[in-house]
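Here are a few friendly exercises on aromatic rings and their neighbours. Have the viewer open and work through them one at a time.

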Amino acid sequence: MAPTRRSRQTVFRRIARRSYTEWPVYNSTPLYDRSSLAGLESDVRVVSESWFEHGAHDSVEQFVYALPLAYFAFEAHDRYSCSTRYEMDTLFRVFVLKELHEWTHETALIEYLDASPEVCKRLDLESVPDQSTLWRSWHKRFTAELRSTVETAARTILIKAQKAGVSVPHDPERKLCYRNSGNEDSIPDEQHVLERAETITEHVSRVVFPAFSLDRGEGCEIHENAYWGLQTYLGLRENLAANEGARSFTYETTRDRTPLGHAHREQIRDLSIAEIREMYRQAVNRLLNEVAETEQFFRAGIVAIDITEADLFTGDRTGYEDEIIGTKEKTDEYAYQWATVQLVGNAVPIVLDARPVRKGESRLEIVEDLLDSAEEMVHVDNVLMDREFDSQHVLEMISQRGLSYVVPKRMQTSEKAQAKRLLKHGKDRYETDRKLHLGNNEWHETTLIYRRKENSEHDDHRQYSVFMTNRGSGHLTEYGYRWEIESGYKSIKRFMAATTSKHFGLRFFYFAFACLLYSIWRAVDLLVQVELTGEYEHAPVVTADNTLTLLKKETGIG
């Protein structure tokens, strides 16, 4: 079905209303201008995703005709200086069409155009180019970078169409092309890994960092990227605070002007918690768009929700009791607490969202909030949580969403008695249904699974753990994935800048930015592994320090 004026309006209104999407991207960040190919690729991703979600748009070719290109400055990528018969935007569409059909030679494209006058009309072709014209245009007129963008755009269109159930000419290759010579089956050496990591980190950072903005107005002498460069620099070393870091930053950066530590903190303090979270979600959405083109990302579906604590707070918390709250272990110690939702399992462990935890907030509020964010970004099947989320109301809410869950249960009197019986009879595993009271004569039905721990240090009922799930024992094995969120927190805290400030927004920003650096690292590692080996293993081949070192180059250090 051909798109109509109304269907086009619907698509672009939908894009305009998305808080985490900028389109066109060129006016949204100083990193892009009208000739930026990364910006063009970003726009193809944004528009194609919404385009194929519309029920009337069921053709990849129709999208090629309708893709807005008038704002893009193709002349920066045109090697011909004289006037030519065919415009660059027309040729761009023609070559995207060729890539969509996976035609190796120009002959197949010409035959298709000769037999399709309507296609020529839609492409603004008064006549069909001959084979030599097309060959010269592709190899001589288009720059190598523009040719790569054509291939990326076609692959993106195929993936977005296929995801929406639209018929495609062929299955898209869901991995990056291997661009290095040599044996593709060989194990990549460290130099190859670092080379690809540098290229991919540069691309990813240009995609992700524009989501952050300080809204400083016009005419500022210090470039906004210098603030993100300093924040990245603070994450390069453990326990580095803004004042000391800003002084060192001036010697290591290539920038002429950089912010002082107090100026940096003041800019961050002006951001509200809501603004920080919105910018973070925008950045992660951009990051997900990058990794979503790999087949390996489609393993996603399991998320883990957890709460972590900052270092113990030992100062005077008068006036900050709602923010510097008790520890999860219910001791007389105090700490800031942050909650996250993260991809786990076979997927790349990206932190989808983060939020602060205040005194008086229920676990139900926290889980609802984080799941709302996660389900906007990725497809979620299963939710893993720690025993602090052992609440029948939390479990009921997850079930009402059509999701499965696995949560350890705190052992009360009845569970301890059952564990003692299992120990007496030498049973390692036991399942039973249980109804949990929700109030007003309403109940949540769940399954309790008792599992005996191997090599337990106890010789009584404490050998057993009890889990709750709404999908049967098969999901219990997935709970082992939850350890990834704990190991992730260790890396995230490694990326955090040090501070003694009690400012809640500043503290949260430091944590959220560290989550972003961690997520960039894991995404870069995925892309490097897929490009070099075609596979993804959880053990990183790119280290965190590698990624941060490459990021500091991109943000103006070194």
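**Exercise 1: a phenylalanine pair**

Are Phe74 and Phe92 buried or exposed? Find out, then classify their ring pair.

Solution. Both Phe74 and Phe92 are buried (under 20% relative accessible area with a 1.4 Å probe, protein chains only; over 50% is exposed and in between is partly exposed). This is a predicted model, in which local features need pLDDT of at least 70, side-chain atom pairs count only at pLDDT 80 or more, and totals for chains, interfaces and linings use all residues. Residues are numbered from 1 along each chain as its sequence is written, and side-chain values use heavy atoms, with hydrogens and water left out.

Next, the count: the structure holds 18 aromatic pairs. Rings of Phe, Tyr and Trp (its six-membered ring) pair if their centres lie within 6.5 Å; planes under 30 degrees apart are stacked, over 60 edge-to-face, the rest tilted. Phe74 and Phe92 are 5.4 Å apart centre to centre with 50° between the planes, a tilted pair.

**Exercise 2: a second pair**

What is the geometry of Phe313 and Tyr336?

Solution. Their planes stand at 90° and their ring centres are 6.3 Å apart, so the pair is edge-to-face. Now check burial: Phe313 is buried at a relative accessible area of 15%, and Tyr336 is buried at 1%. Finally, widen the view: ring pairs link Phe313, Tyr336, Trp338, Phe504, Phe508 and Phe511 into a cluster.

**Exercise 3: charge over ring**

Over which ring does the charged end of Arg317 sit?

Solution. Apply the test: CZ of Arg or NZ of Lys within 6 Å of the ring centre and within 35 degrees of the ring normal. The charged end of Arg317 sits over the ring of Tyr334, 3.5 Å from its centre.
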